[in-house]
Amino acid sequence: MKHHSITVAALALSASLALAACQDEDRSAAGSNLPVAAGSTTSSTAASSTAAGSASAGTAALSSAPTGQTAAESATANAAGGSPQGSAPQAGGSAASGPQGASVHGDAGMTGGKGLTLAGLRSAPYPAMCDNPAGRLVNGKDLRGRDGNVEANMPGVGMKYYNPGSKPTLLDLTGDGRKEMVVEFFCDAGGVTWPSVIVVYGEGWKVLGSLDLGSVANADAYYGKARVSSWSVGRSGLNVTWRAFQGIDGSESRRTGVLKLRGGRPVMTNVQILSGHGAGGGSVARTQIRSINPTTSAGGVASGWTTTRTNDSCDGSEASLVAKSSGIFVCGASASGYDACWTVNRTQAACVASPYRKHADLLNLTRPTTARPYAHPVPWGVVLADGTTCQPSFGGGGSVRPDGYIARYYCSDKRDLLMRENDRGAGWFDASRPVWTVQAGKGLTGKRTTEQVKAVSYAVR
């Protein structure tokens, strides 16, 4: 008993000294916010959850978290945009006792797996992940630079992106009365980080299995990365909330599930897509119309925008098809140039490549622009009801589908927004009702569907 008290105290001290963490995309909380057009203003706000993680002296860094909330508590938490204790909503968890039932927490007969401590995790083996072979941690890491890197998400080892919301956790996943340890791993193959890998350890640091979170997030072949935001012990397993995202346009999805062992291997069950692509479309009361303008009334670059100077030039002669105001023009070849540029400082053009980033490239403007808006300007950024983001693919030709439609927008879910050929923007979207609709499909033969539009953006001055 004395030895046990000393061990717990040591773990508590380790936690209190190790919870300073840097914030970046890899430890961002799971957000239900949709990507919004850069520079836009809207009354809608998006729910987001922050990875739980404040610790105090006397709180053990190795978590044996409280039992997951009831279905009623989960529903209340979802309505408020969060979960008690920073936990995932209990997706389909049973209240009945079982191998992973109520005995997971609070059972006086429960014991931890032999040797499964934070100190032991520092030198634990790990399975193959991110194109790296299986190996062994040294102080919680195996850093080999361009040859690949592996890190356990744990306190006290100097991690740059430590997320206390998914710290190593003990729970009984096998129903044998002894706890396993669940650990989130970050890894790469020598470049950018890959989706997180969840590893389950049994007694003696036996690797019971691992789960590539990207394989769950990419079930729809859409998102490229995934990070755990938080997890907590529930009645039927480990309740997990994670954020699936892809870095090209910043789109993301908040998802929950219950981690269990089946056939001795970890699986994610009861997966629920709370926001983003695949969330079932949601409900749209009215399509929001947003405005993008990187300039000030005095002719400078607006606050909050970043810029990059280039040596390219533009004459400002061709009006932008996504502009509702005069003085907005295109630069470069239509298929690879900028859809919207503004005059800044009289001799420069601030050109924006994406309606979802507040960044402009500064080009040399060779003469004052005389661009006037088209009679039928078309949306620049389009957000569908399920969070899919789309933007125009002007120029470059394209084949007409058998149904008479042609792809005019490319979307983050690999589909296209389809329009009638040669109508100069008229009729591209059905805006006859408060909720706009548009036709969507994949390739030349994919099924054409009618999709609701959550928001559109235009370039303005």
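Select C187 to begin: with a relative accessible area of 1%, C187 is buried, a word used here for under 20% relative accessible area, while exposed means over 50% and partly exposed lies in between (1.4 Å probe, protein chains only). The model on display is predicted, so local features need pLDDT of at least 70 and side-chain atom pairs count only at pLDDT 80 or more, whereas totals for chains, interfaces and linings use all residues. Residues are numbered from 1 along each chain as its sequence is written, and side-chain values use heavy atoms, with hydrogens and water left out.

**First stop: C187 and its partner**

C130 and C187 form a disulfide with their sulfur atoms 1.8 Å apart; the term applies to a pair of cysteine sulfur atoms within 2.5 Å. The bond links distant parts of the chain, since C130 lies in the loop between strand 1 (125–126) and strand 2 (135–136), and C187 lies in strand 6 (residues 180–188), 57 residues apart. Strands (E, at least two residues) and helices (H or I, at least four) are DSSP runs, numbered from the N terminus. Looking along the S-S bond of C130 and C187, one finds a torsion of about 40°, and the disulfide is therefore right-handed. C130 is buried as well, at a relative accessible area of 8%.

Remain in this loop and examine the backbone. Most residues other than glycine have a negative phi. C130, however, has a positive phi near 55°. Now select D131, which is located in the loop between strand 1 and strand 2. D131 also has a positive phi, about 65°, and is not a glycine. Is D131 buried or exposed? Its relative accessible area is 69%, so D131 is exposed.

**Second stop: the whole chain**

The chain contains four helices and 24 strands. Of its 461 residues, 51% are buried. The accessible surface comes to about 20400 Å², and carbon and sulfur atoms account for 50% of this area; such areas come from the Shrake-Rupley method with a 1.4 Å probe, and for residues only the protein chains shown count as cover. Among contacts between residues at least 6 apart in sequence, 58% join residues at least 24 apart, a contact being heavy atoms within 4.5 Å.

How many disulfides does the structure hold? There are four. With bonded cysteines counted along the chain, their pattern is 1-2, 3-4, 5-6, 7-8.

Select C341 and C351, which are joined by a disulfide with an S to S distance of 2.1 Å. C341 belongs to strand 16 (residues 338–344) and C351 to strand 17 (residues 348–352), ten residues apart. The link of C341 and C351 is right-handed, with 115° about the S-S bond. C341 is buried at 0% relative accessibility, and C351 is buried at 1%.

Proceed to C390 and C411, another disulfide, whose sulfur atoms are 2.1 Å apart. Here C390 sits in strand 20 (residues 389–392) and C411 in strand 21 (residues 405–411), 21 residues apart. This link of C390 and C411 has 105° about the S-S bond and is right-handed. C390 has a relative accessible area of 1% and is buried; C411 is buried too, at 9%.

The whole structure has five aromatic pairs. Rings of Phe, Tyr and Trp (its six-membered ring) pair if their centres lie within 6.5 Å; planes under 30 degrees apart count as stacked, over 60 as edge-to-face and the rest as tilted.

Select Y409 and F429, an edge-to-face pair with 5.7 Å between centres and 85° between planes. Y409 is in strand 21, and F429 is in the loop between strand 22 (416–420) and strand 23 (437–441), 20 residues apart. Y409 is buried at 0% relative accessibility, and F429 is buried at 11%. Include W428 to complete the view, as Y409, W428, F429 and W436 form one aromatic cluster.

**Last stop: charges over rings**

Select R243 and F245. The charged end of R243 sits over the ring of F245, 4.0 Å from its centre. A charge sits over a ring if NZ of Lys or CZ of Arg is within 6 Å of the ring centre and within 35 degrees of the ring normal. Finally, select K324 and Y458, where the charged end of K324 sits over the ring of Y458, 4.2 Å from its centre.
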